[in-house]
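Jotting things down as I look them up.

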Amino acid sequence: MGRMKELFIQIKEQEEAQEIIEQASVFDSGILCPNCQKTNLIEYSAEDLYCEVCGYDFIRIEGNHIRFK
Ligand SMILES: [Zn+2]
């Protein structure tokens, strides 16, 4: 019984880790905030980006080019 529970917890943790990775790849635009340069911008959608640290909103123009909203 103990062994089964251990295994179950392991699988559960792996699923959670996978979810975190998937969410991170959706929200992290990979673009460094041009205002504070402390963190990558969070991506709401293909065009809307946001900095968690300084709170500025940005718009993606094309590729990795962005401008202040
Ligand atoms: Zn910032």
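Predicted model: local features only at pLDDT ≥ 70, side-chain atom pairs only at ≥ 80, totals over all residues.

I looked for the largest nonpolar core and got 5 residues: Cys33, Leu41, Leu49, Cys51 and Phe58. Nonpolar side chains tend to be buried together in soluble globular proteins.

**Leu49**

I picked Leu49 out of that core and listed its contacts, skipping residues up to four places away in sequence. Two of the partners, Leu41 and Phe58, turn up on the contact list and are core members too. The rest of the Leu49 list reads Ser29, Ile31, Ile42, Glu43, Arg60 and Ile66.

**Whole chain**

How much of the chain is buried? I get 9% of the 69 residues. For secondary structure I count 1 helix and 5 strands, and along the sequence the order is α-β-β-β-β-β. Then I checked contact range: taking contacts between residues at least 6 apart in sequence, 3% join residues at least 24 apart.

**Asp28**

Next I went to strand S1, which covers residues 28-32 and includes Asp28. Is Asp28 buried, exposed or partly exposed? It comes out as partly exposed, because I find 13 C-beta neighbours inside 10 Å, while buried would take 20 or more and exposed 12 or fewer.

Leaving out residues up to four places away in sequence, Asp28 touches Asn40 and Ile42. Ile42 is also on the Leu49 list. I checked one C-alpha distance as well: Asp28 to Glu43 is 6.0 Å, with the two 15 residues apart along the chain. Glu43, in turn, is a contact of Leu49.

How values were computed: Residues numbered from 1 in each chain as written. Core = buried A, V, L, I, M, F, W, Y, C linked by C-beta atoms within 7 Å. Contact = placed C-beta atoms within 7 Å. Helix = DSSP H or I, 4+ residues; strand = E, 2+ residues; numbered from the N terminus.
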